[in-house]
Amino acid sequence: MANVVVVGSQWGDEGKGKIVDWLSERADVVVRFQGGHNAGHTLVIDGVSYKLSLLPSGVVRAGKLAIIGNGVVLDPHALIAEIDRLAEQGVKVTPDSLRIADNAALILSLHRRLDGLRENAAAPGAKIGTTQRGIGPAYEDKVGRRAIRVMDLAEWETLPGKIDRLLVHHNALLKGLGEKEVTPEEILAELEDVRERVVPYCDTVWALLEKRRRAGDRILFEGAQGALLDIDHGTYPYVTSSNTVAGQAATGSGLGPSAIDYVLGITKAYTTRVGEGPFPTEDDGEVGNFLGERGREFGTVTGRKRRCGWFDAALVRQTVKVSGINGIALTKLDVLDGLKEIKVCVGYELDGERLSFLPAGAAAQTRLTPVYETMPGWAGSTAGARSWAELPAEAVKYVRRIEELIEAPVAMLSTSPERVDTILVRDPFQD
Ligand code: IMP
């Protein structure tokens, strides 16, 4: 029985929502394994739209088990707000349909505060452009071995010592920034608020996943963000604070990598990025505006306008390797409809040298000159196509060229936000 990991292969916002929803219908268990409520997507099911940022997509489908793995940083207030929002829409999330890893680290209000303080204090070139959800500071505490974790809500008597350890660190930081320090009572009150609502979801997720795997259930690992925002493999320091590549599905859930059968990389037919940082094919002129408007490129979580540019095959080839992507789901091809010509970045030039991949340093990444290949656009429409035969010949050529350049086949092709407007080449769950 196949288990599938879905990851973004660019800077996030590749259109994972629709594909994950399509796949979650075929899965028994849907697992989030990194990130937090910095992610965001809208699912449209039977005409009703659901906004999710922390909960796995499976949660809106009856009979699926949704799991938040240990690799996620969990804001308990955001969790409860999302559960309550869904309840208003008639979707009941219960401890039978959602389990949360007892060893996942919590995001507290002090993390959000610190995220905001740092971003606001940073000089223009030093800003990361975070979502200000406290993601970075929460992961720092986890790695610093002072995080409060989900299980601590059930071990109330152990909390004061843990809070003291946390505050030794944070109050020194806040003092240094000239900010008001936090008291242990404030943290306790904040946790007391959510304790009763969160504890019933708490579970030994690694063991639960192993049991479901052995029972032959299909497990879908739902990645958030994209490979270029990965803390190790992304455009550091302009990245998120988790590993977003496919390997994290194992570490962030507790199911070993041998249980993963297929990695699907979601890839947009052009490139976008939100937040700061290098973006070799960025176009802030006519092409970028066209892509942004036609593609409705605004962030789901923060509403920020996304930066846009041509497809960067060198970048995606790199992330195909780093994530071990078996096949891609190519999204938003229809946004390119009507363009006379389309450019694809096939590599870079740096100081007279040709590079086929992104160098690791931000300074070099900023100085890259993309090398483009120009292809003819197509006059017809790809919007809503459900078979290759419905696509203009030039659109098929564009897709084939992308496959060649990134060294991975297209498994799915999405031609509109509607779930039915999908050309399926290979079902990732197929054994
Ligand atoms: P953080 O994850 O809030 O710390 O933000 C770090 C960087 O990741 C910023 O550039 C954000 O814009 C970006 N980022 C975080 N989540 C997403 C996402 O879901 N889609 C796209 N970019 C994201």
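Proline 237 lies in the loop between strand E10 and helix H8 (248-251); helices (H or I, at least four residues) and strands (E, at least two) are DSSP runs, numbered from the N terminus. A cis peptide bond joins tyrosine 236 to proline 237, with omega at about 5 degrees. The model is predicted, so local features need pLDDT of at least 70 and side-chain atom pairs count only at pLDDT 80 or more, while totals for chains, interfaces and linings use all residues. Residues are numbered from 1 along each chain as its sequence is written, and side-chain values use heavy atoms, with hydrogens and water left out.

**The sheet**

Ten strands form an open sheet with mixed pairing, in the order E9-E7-E5-E2-E10-E1-E11-E15-E19-E20; two strands pair if DSSP finds at least two bridges between them. Its edges are strand E9 (202-203) and strand E20 (422-424), each of which pairs on one side only. Helix H7 (residues 205-214) packs on the sheet and touches strands E2 (29-32), E5 (65-68), E7 (98-101), E9 and E10 (219-222); contact means heavy atoms within 4.5 Å. The direction of H7 makes about 145 degrees with that of E5, where axes are lines fitted to C-alpha atoms, for helices over the stretch in contact, and angles run from 0 to 180 degrees between N-to-C directions. Strands E1 (residues 4-8) and E11 (residues 262-268) run parallel and are joined by five bridges. Within this pair, glycine 8 stands opposite isoleucine 266 in E11.

**The ligand**

Aspartate 13 belongs to the loop between E1 and helix H1 (16-24). Its phi is near 60 degrees, a positive value in a residue other than glycine. Of the 15 residues around the ligand, Asp13, Asn38, Thr131, Thr240 and Arg304 come nearest; a residue is near if one of its heavy atoms lies within 4 Å.

| Side chain | Ligand atom | Distance |
|---|---|---|
| Aspartate 13 | nitrogen | 3.2 Å |
| Threonine 131 | oxygen | 2.5 Å |
| Glutamine 225 | nitrogen | 3.2 Å |

Taken alone, the ligand exposes 470 Å², of which the protein buries 95%; accessible areas come from the Shrake-Rupley method with a 1.4 Å probe, and for residues only the protein chains shown count as cover.

**Glutamate 407**

The loop between helix H12 (393-406) and strand E19 (410-414) holds glutamate 407. The side chains of glutamate 407 and lysine 321 are joined by a polar contact of 2.7 Å.

Terms used: Polar contact = N/O pair within 3.5 Å; in protein donor to acceptor, adjacent residues only side chain to side chain.
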